[in-house]
Amino acid sequence: MEIQFFENKMDKSLTVKISGDCDLYNAHHLFNDVTGRMNSGCRAMYVDLSGVPYLDSSGVGAVIRIIQHSKSKKIDIKFRGIEGTVRKVMRLSNILSIITEDRQ
Amino acid sequence: MKNIITRKLIVDENNELFDAQGMKYIALKSDFSRIREYSAKILEHCPKQFLEGNLLEQQLSEIIKNGIKHGNKCDASKTLKVWYDLRNRARFIIEDEGGGFKRLEEWNNFYRRRQEALYNNDFDLFLRLAAYRGPESDEFDGGSSLIAALEFWNGGMIYNEAKNKVGVVRWFSNGSQ
């Protein structure tokens with residue numbers, strides 16, 4: 001899994017682009033890297049999952065904890081590119097209702 | 001009017017889902033690093049229409065992970081037994097050598113409260129209940145694998161009395177869901 005950050009200095013938002021499988025072996029990296037950047041300060045965050053072909057319950061758990069962390073930091077967080085199997089897993093896990101999607 | 005849906009994990013020792021007659025069998029070492037490899041191996045000859053992209057592999061990996069991590073505690077001397085049948089539907093029986101899912105009823109209560117929060121549009125409570133934490137859970141356990149499993153295994157998900165063995169089945173209409 002690769003995690004890239006793109007900063008928009010105009011609106012102080014951060015886009016996180018994730019590529020590759022997000023599973024039991026690396027979901028902790030997703031949580032640690034993303035919340036680490038949240039702690040460095042940003043007003044809004046966009047998490048782009050369009051490059052993720054595989055998401056398991058550890059990945060779902062990381063997403064939930066990232067949302068919880070964003071709430072505690074009062075950071076507006078939106079998700080992009082939730083498609084295919086990743087969307088099915090999120091629907092089965094019943095977490096789509098707590099996710100705000102930014103449909104570009 | 002909306003209807004609240006609360007599924008439950010069920011214990012039924014004599015359920016037909018535990019009848020392994022005619023099923024293939026494989027014994028797996030409790031190696032956490034090989035969970036996805038194990039799933040891929042079991043599904044090597046699975047009909048493509050059952051795979052649903054990588055969804056079947058993902059759901060199978062979850063129950064193998066539960067057996068290796070929570071059941072056998074990743075003890076390499078313990079075996080995970082897997083029976084599988086991929087004719088007409090995807091059916092598995094998975095048995096570990098652990099002490100069983102003792103907090104099954106507690107998990108059912110957690111899931112019911114979570115669904116009630118969703119029903120009541122109480123998203124703050126729903127978010128707080130988004131993850132289940134038992135005394136042996138680590139920070140990456142959230143109970144969401146079981147939530148998804150209850151939805152995915154549409155033909156049933158049944159535990160034995162010892163709660164160290166689970167039988168699951170997914171049926172397909174027109175080859176896929």
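In the hairpin of β5(B) and β6(B), K163(B) takes a positive phi near 60°, and five residues lie between the two strands. Welcome to a predicted model, where local features need pLDDT of at least 70, side-chain atom pairs count only at pLDDT 80 or more, and totals for chains, interfaces and linings use all residues. Residues are numbered from 1 along each chain as its sequence is written, chains are lettered from A and ligands numbered from 1 in the order in which they are written, and side-chain values use heavy atoms, with hydrogens and water left out.

**Strand β5 and its partners**

- Strands (E, at least two residues) and helices (H or I, at least four) are DSSP runs, numbered from the N terminus.
- β5(B) pairs with strand β6 (residues 165–170) of chain B in the antiparallel sense over four bridges; two strands pair if DSSP finds at least two bridges between them.
- Opposite M157(B) stands V168(B) in β6(B).
- Strand β1 (residues 10–11) of chain B pairs with β5(B) in the parallel sense over two bridges, and V11(B) has Y159(B) as its bridge partner.

**The two faces of β5**

- In a regular strand, side chains alternate between the two faces of the sheet.
- In strand β5 (residues 156–159) of chain B, G156(B) and I158(B) on one side and M157(B) and Y159(B) on the other are all buried.
- Buried means under 20% relative accessible area, exposed over 50%, and partly exposed in between (1.4 Å probe, protein chains only).

**A loop residue, D31(B)**

- D31(B) sits in the loop between β2 (24–29) and α1 (35–42) of chain B.
- D31(B) counts as partly exposed because its relative accessibility is 27%.
- Not counting residues up to four places away in sequence, D31(B) touches Y38(B) and I68(B), where contact means heavy atoms within 4.5 Å.
- C-alpha to C-alpha, D31(B) and I68(B) are 7.1 Å apart in space, yet 37 residues apart in sequence.
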